[in-house]
Amino acid sequence: MRIQIDIDESGEQVLNNIKQATGLSTYKDIFNNAITLFEWAIRQRVEGRVISSLDERTKRYKEMTMPALEESIRRANLATASPVAQAAR
């Protein structure tokens, strides 16, 4: 599949910064890594886990929230509550 996106100059700079920071050489590599992370994050939230970053020094954490992740929980709950899903159990 071929996907084409249009980004502005600031988006291009973000992508170039990611390439520089990670050593990834192509936009395809960035996209594939981003999709892998997003897929993992969805799975974690659907399984009831919180996604956060931990400051190891202070042991304080900051939870990550994204509307798309919260929507994935809602959809997973609807799927398991549907009569078809109930009958399959």
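A crossing of two helices is left-handed if the near helix is turned anticlockwise from the far one by less than a right angle, and right-handed if clockwise. The model on this tour is predicted, with local features needing pLDDT of at least 70 and side-chain atom pairs counting only at pLDDT 80 or more, while totals for chains, interfaces and linings use all residues. Residues are numbered from 1 along each chain as its sequence is written, and side-chain values use heavy atoms, with hydrogens and water left out.

Along the sequence the pattern reads α-α-β-β-α-α.

Next, select helix H2 (residues 27-46) and helix H3 (residues 67-81), whose axes come within 9 Å and cross at roughly 50 degrees; axes here are lines fitted to C-alpha atoms over the stretch in contact, and angles run from 0 to 180 degrees between N-to-C directions. Viewed along the line between them, H2 passes H3 in a right-handed crossing.

Now show the side chains at this contact (heavy atoms within 4.5 Å): Phe38, Ala41, Ile42, Arg45 and Val46 in H2 meet Ala68, Leu69, Glu70, Ser72, Ile73 and Ala76 in H3.

Finally, select strand E1 (residues 52-55) and strand E2 (residues 60-63), which run antiparallel and are joined by four bridges, where pairing requires that DSSP find at least two bridges between the strands. Ser52 stands opposite Glu63 in E2, and Leu54 stands opposite Tyr61. In the hairpin, which has four residues between the strands, Lys59 takes a positive phi near 65 degrees.

Definitions and conventions
Helices (H or I, at least four residues) and strands (E, at least two) are DSSP runs, numbered from the N terminus.
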